[in-house]
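Have the sequence and the 3D view ready, and follow the pairings one by one.

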Amino acid sequence: MTNTRALRLGLLAGAALLASVAGSWAQGTYTIGVSNTVQGNGWREEMICAIKAEALASGKVAKLNIAHRNTDAAGQSEDIRNLISAGVNAIVVNPADPSGINAALKEATDKGIVVVAVDQAVTEPSAYVVSNNQEQYAYLGAKWLFQQIGGKGDVVYMRGAAGASADSDRDKGFKKALAEFPDVKVVQEVFTGWQQDQGKQQILDFIATGTPFNGIWTSGIDNVIVDALVESQTPLVPVVGADNAGFVGQLNTVPNFTGAAVTNPGSIGAAGVTLALQILDGKKPAEQTVLVDPQLWENATAEGKAKLKAAADPSLSPEWPVSISIPGWTDYTKEQIVACKGPGE
Amino acid sequence: MTRFLRRRGWVAGLFILFALLLVATKIIQPGYGAGDFVSLSRAVLPYAFAVAAQTVVVIAGGIDLSVAAMMALTSVTAAAMMNGASPSYALFVVPFVLALGFVLGAVNGILIIVTRVPDIVVTLAMLFVLQGAALLVLSAPGGSAAEWLKALVVGTVPLPLLPDAVTAWFPKALLLLVVCLGIVWIPLKHSKLGLSLYAIGSSELAAFRSGVPVARTRILAYAFSGLFAAMGGLTLTMSTGIGAPIPGPYLLASVAAVVLGGVTLGGGRGGLVGPIVAVFVLRLVRTDLTLMAVDPNVTTIVEGVIMVVVVMLGAFLAMKGRSP
């Protein structure tokens, strides 16, 4: 009797020990710093939530240290230096400028900190880059749009933020497609700054001029553009946008509306965490830059419609991209990214 | 005399607050040391010049909303001019950009005097004008800076006869800040013009009746503000190696540090040391919040609350000190 009790106690103690060991292992050991300079934007919020979810799901991260505010390159350098002071093992950064933060990034890598730039590239050679292929993003969407309007006509070109490297890369892709269609003219080119309110005002101002146009290419400020067309009772021309939940919903439901969504997953932030953890564990990638290729979902064909139906997710915030995971790079569940909780939260 | 003591008391209080924050930082992050202080000084630079620009005008009883836009314009001008140019060309660019800031600042002042439109309206209008001008110079972040200029804010000052452990605490950025501000502010404050600045800030009518050239003083106050803003713009280019046409978060930060630095927003009272120490305090608070990994959406709330509490506490202590 006493023997079995002792045995049982022993087993229990052993199990508890095992559990605590497993627990501490699941807690992880690394501290990862994050620097982001656009606050209050759906895409960036998804990026932050993906970073938190991946850090939690990987089981290798003890703590995240997130410096997330609206600032310029000088302010981001300050944040990065603060993260260096905080003693992080790796920094995942969405750069405010491709070269403006190089000095701070170099200081980090000199101290042995792994630096991964996500979403947009940096020119500092010691930093790794995981980015959506922005040139391909613009090329795919623009080519589809130009084909859709029959290879000739006037298009409105609604860009992102002036000077952001994602915007200049997309401009290259857009111009590449434009060169293939000599009869397509850009009738209006504006920078939305990736701000919903600003983009909507710009298209309303343009509609008010009465200039005819055959199509609109947007750099991801998309659902408000369709709203503006519907509200002002302007003919619904084809619109290209990103895979934001609101826009994907419109492609599925707005009658007589054709358009295409090009994927630009905000979950790229999680890929940055995964790459940083791989490098910390001694598995360096062959290339300094890793590009994730986009896909195009359009509602002009039955096949495209099926893809859009499958992708639509009305449970997500309308500004969140619906591609909340990237195969091979993310390990979290949908519940985890929506919960937006990192390790220790 | 009591006013003198009170003003010094405020600055002393800020120094104590800064020292306490340094101790707190050391507790939060035991590894915090000289290298991190160098980083802090570099982060302070653009804010410090922005607050200097704001302080001159506020002491003279005005306000300058165009500070951040002025910094953006001077920064892109410098970066665009130095792009692809020889390092020695920067010797011409620096004085040119400083003069540009001085002249544009004077334009602010002249518009206020000549049109009699309130300063807040004129400088707000100038904010938009300068922002547009900055985008005309560079439509996107770009340009470059001479290597020797960038080196001016990197690392520490090699002081002879002192051990490395001591020199490690003297960042070049701090030296640059002290020299640039001192060279302009100390002679200015002790000149007749300096006295006039405080006079028109205290009471424009009394100053006018005492024979102070109010119009000229006000114009010069804005001109010096422009000069400091140009220095701020140059430090932005020096620390990032580029010029960015969209203004950074320096306008509101400058007003915040002016208030925290013990300068009366009504004008006539305060100095430059208080606001500069206030900038150090505010940047170190940001560092601490990052070190503690506070939820980033909460940090601005914390920063705002700290500011209000410090200013309220200071005013309360000053009031208590006055009553018998």
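A:Val240 faces A:Ala260, a residue of strand β10(A). Their strands, β9(A) and β10(A) (residues 259-262), are parallel partners joined by four bridges; a pair needs at least two bridges found by DSSP. Strands here are DSSP runs of E with at least two residues, helices are runs of H or I with at least four, and both are numbered from the N terminus.

This is a predicted model, in which local features need pLDDT of at least 70 and side-chain atom pairs count only at pLDDT 80 or more, while totals for chains, interfaces and linings use all residues. Residues are numbered from 1 along each chain as its sequence is written, and chains are lettered from A and ligands numbered from 1 in the order in which they are written.

β9(A) (residues 239-242) also runs parallel to β8(A) (residues 215-218), with two bridges between them. In that pairing, A:Ile216 has A:Val239 as its bridge partner.

Elsewhere, the axes of α2(A) (residues 42-58) and α10(A) (residues 268-280) come within 7 Å and cross at roughly 40°. Such axes are lines fitted to C-alpha atoms over the stretch in contact, with angles from 0 to 180 degrees between N-to-C directions.
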